[in-house]
Amino acid sequence: MAHGAPWHLHQHRLPLWLKLAFTAWILVWAPTYWMLLGPQNYFWLCNLANFLILMGLWSESRRLISMQLLSVLLVGSLWAVDVGSAWITGVHPIGGTEYMFNPEQPLMTRLLSLYHLVLPVISGLAVYRLGYDRQALLWQTALTWIVVPLTYAATEPERNVNWVHGPFGQPQEMFDPLLYLTGLTLLWPVAVYLPVHLLMVALQRKGWLR
């Protein structure tokens, strides 16, 4: 691109193969999850991230991709630690991934759930190419404060989607359900998004990230 060319003529910063490959993944994953688990499963923030990352890749939206990096990087890393530890030692140090070893769960569901390992890589690559938007923390927090209460209202309690009925997939009886839900909604951005945001800001300050 020549110096001074209009911004809308810039070369695409994300490779076409990545966009096409992720689109193919969504075309397999989304209907399969619908058939095996039903539409309520899409309320999971990590499942919602699949669709938002797809939108972010095609639009090359720095903000949308940055938001989803906050959503999946720490969660995906902890998911990998829990599954890996359980696979090697039989112990879940964190919890919430027991379904991966439950033979009553469809094998296809468990295999497709390995996307938890891939989303941090894809969103991380996209943020590296596009840069990190510091406003992502505010936008992803706002999205979470909408999705989590909707999850409580629209999904079956036994599914415990987004852990709205108890932490790490287990029901809780210590607190009033609405008090617990309020605490969860407020805590999620602090515990999950803020550490990733601070890491991205630190990388920007060091010049390792735009």
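This is a predicted model: local features need pLDDT of at least 70, side-chain atom pairs count only at pLDDT 80 or more; totals for chains, interfaces and linings use all residues.
Residues are numbered from 1 along each chain as its sequence is written. Local features need pLDDT of at least 70 and side-chain atom pairs pLDDT 80 or more, totals for chains, interfaces and linings use all residues, and side-chain values use heavy atoms, without hydrogens or water.

Colleague: What span does helix H1 reach from its first C-alpha to its last?

Modeller: Helices here are DSSP runs of H or I with at least four residues, numbered from the N terminus. H1 covers residues 16–37, which is 22 residues. The expected span is 1.5 Å times one less than the number of residues. That gives 32 Å expected for H1, and the helix comes close to this value at 31 Å.

Colleague: Which helices are included in what covers the buried residues of H1?

Modeller: Buried means under 20% relative accessible area, with a 1.4 Å probe and protein chains only. Among the buried residues of H1 are Phe22, Ile26, Trp29 and Tyr33. The cover over the buried residues of H1 includes H2 (45–59), H4 (107–112) and H5.

Colleague: Is Ser123 buried or exposed?

Modeller: Ser123 sits in helix H5, residues 115–130. Beyond four places in sequence, Ser123 has contacts (heavy atoms within 4.5 Å) with Ile53, Ile65, Leu69 and Val72. Because its relative accessibility is 0%, Ser123 is buried.

Colleague: Which residue's backbone oxygen lies 3.4 Å from a polar atom of the Ser123 side chain?

Modeller: The Ser123 side chain belongs to a residue of H5. The backbone oxygen at 3.4 Å from its polar atom is that of Pro120.

Colleague: What is the relative accessible area of Arg129?

Modeller: Arg129 is also placed in H5. Leaving out residues up to four places away in sequence, Arg129 touches Arg13, Leu14, Pro15 and Arg210. Arg129 counts as partly exposed because its relative accessible area is 36%.

Colleague: Which helix gives the most to the lining of the largest pocket?

Modeller: A pocket is an open set of points on a 1 Å grid over the protein atoms alone, where a 1.4 Å probe fits, with protein on both sides within 12 Å along at least five of seven lines; lining residues have an atom within 4 Å of a point. The largest pocket has about 1,200 Å³ of space and 43 lining residues. H1, H2, H3 (62–89), H5 and H7 (177–205) each supply at least two lining residues. With eight residues, the one that gives the most is H7.

Note on methods
Buried means under 20% relative accessible area, exposed over 50%, partly exposed in between (1.4 Å probe, protein chains only). A polar contact is a pair of N or O atoms within 3.5 Å; within protein, one must be able to donate a hydrogen and the other to accept it, and residues adjacent in sequence count only if both atoms are side-chain atoms. Grid points are joined across faces, edges and corners, and a volume is the space filled by probe spheres set on the points.
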